[in-house]
Amino acid sequence: MNIEPYERQVNYYETDQMGIVHHTNYFRYFEEARMDFMQKMNCSAMDLEKKGIIIPNVDAYARYLKILHFEDRFTIKITPASFTGIRMKFEYEVIKDGEVYCTGYTTHCFVDSDMKPIALKYSDPETYEKLLEIFDGQIKKVKKKG
């Protein structure tokens with residue numbers, strides 16, 4: 001799967017008084033890159049929401065390695081990391097001039113409009129198959145409690 005990285009420029013309002021991107025904006029960048037990626041894979045969040053499927057964040061992490069400033073142009077490489085049919089995880093690299101400035105990941109679950117977890121395989125088999133393909137056929141077994 002060869003998807004072009006998400007490209008972007010730092011806006012002034014995303015910086016702090018020192019002219020440095022505020023750390024919380026990286027999570028916004030991750031979301032923008034994820035939405036762009038899913039759109040390019042014909043599996044947009046809006047299409048899922050129209051089907052009554054919501055994919056909230058349940059976990060997010062960022063490791064800051066270098067500083068981005070106002071007007072810096074950068075790309076975000078997104079990698080589908082894991083998919084269980086109930087949860088999915090994406091990994092991110094924020095890259096400027098060939099150097100990694102930040103790495104991170106987000107984990108998401110699938111819920112219905114009542115915010116109850118759903119198994120995509122049964123709730124929406126078509127989307128399940130699409131996501132299985134996006135995640136290169138990778139499916140991790142969910143351990144049963146008991």
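**View 1. Seven salt bridges turn up in this structure.** A salt bridge here is a side-chain nitrogen of Lys or Arg within 4 Å of a carboxyl oxygen of Asp or Glu. A word on the source: this is a predicted model, where local features need pLDDT of at least 70, side-chain atom pairs count only at pLDDT 80 or more, and totals for chains, interfaces and linings use all residues. Residues are numbered from 1 along each chain as its sequence is written, and side-chain values use heavy atoms, with hydrogens and water left out.

**View 2. R8 and E32 join up through their side chains in a salt bridge, 2.5 Å from N to O.** R8 sits in strand β1 and E32 in helix α1, so the pair ties together parts that are 24 residues apart in sequence. (Helices, H or I with at least four residues, and strands, E with at least two, are DSSP runs numbered from the N terminus.) R8 counts as buried at 10% relative accessibility, while E32 is partly exposed, with a relative accessible area of 25%. For those labels, buried is under 20% relative accessible area, exposed is over 50%, and partly exposed is in between, using a 1.4 Å probe and protein chains only. Bring E14 into the picture and you have a network of salt bridges linking R8, E14 and E32.

**View 3. K51 and D124 make a salt bridge, with the closest N and O atoms 3.1 Å apart.** This one links distant parts of the chain, 73 residues apart: K51 is in the loop between α2 and β2, and D124 is in the loop between α3 (120-123) and α4. K51 counts as partly exposed at 44% relative accessibility, whereas D124 counts as buried at 8%.

**View 4. K96 and D72 meet in a salt bridge at 3.9 Å, N to O.** K96 belongs to strand β4 and D72 to the loop between β2 and β3, 24 residues apart. Both K96 and D72 are buried.

**View 5. Five strands line up as an open sheet in the order β1-β3-β4-β5-β2, with antiparallel pairing.** Strands pair if DSSP finds at least two bridges between them. At the edges are β1 (6-9) and β2 (57-64), each of which pairs on one side only. From one strand to the next, the twist averages 20°; axes are lines fitted to C-alpha atoms, for helices over the stretch in contact, and angles run from 0 to 180 degrees between N-to-C directions. Zoom in on β1 and β3 (residues 73-83): these antiparallel strands are joined by four bridges. R8 shows up again here, with F74 of β3 as its bridge partner.

**View 6. The largest nonpolar core has 35 residues, and F83, M88, V94, F110 and L131 touch the most other members.** A nonpolar core is a set of buried Ala, Val, Leu, Ile, Met, Phe, Trp, Tyr and Cys residues joined through side-chain atoms within 4.5 Å. Elements that each supply at least two residues include α2 (45-50), β5 (99-109) and α4 (125-134). Helix α1 gives the most, with six residues. Leaving aside neighbours within four places in sequence, L131 is in contact (heavy atoms within 4.5 Å) with C43, F83, M88, F110 and L120.

**View 7. Zero disulfides are found, a disulfide being a pair of cysteine sulfur atoms within 2.5 Å.** For C109, the closest cysteine sulfur is that of C43, 15 Å away and too far for a bond. C109 is buried, with a relative accessible area of 13%, and C102 is buried too, at 0%.
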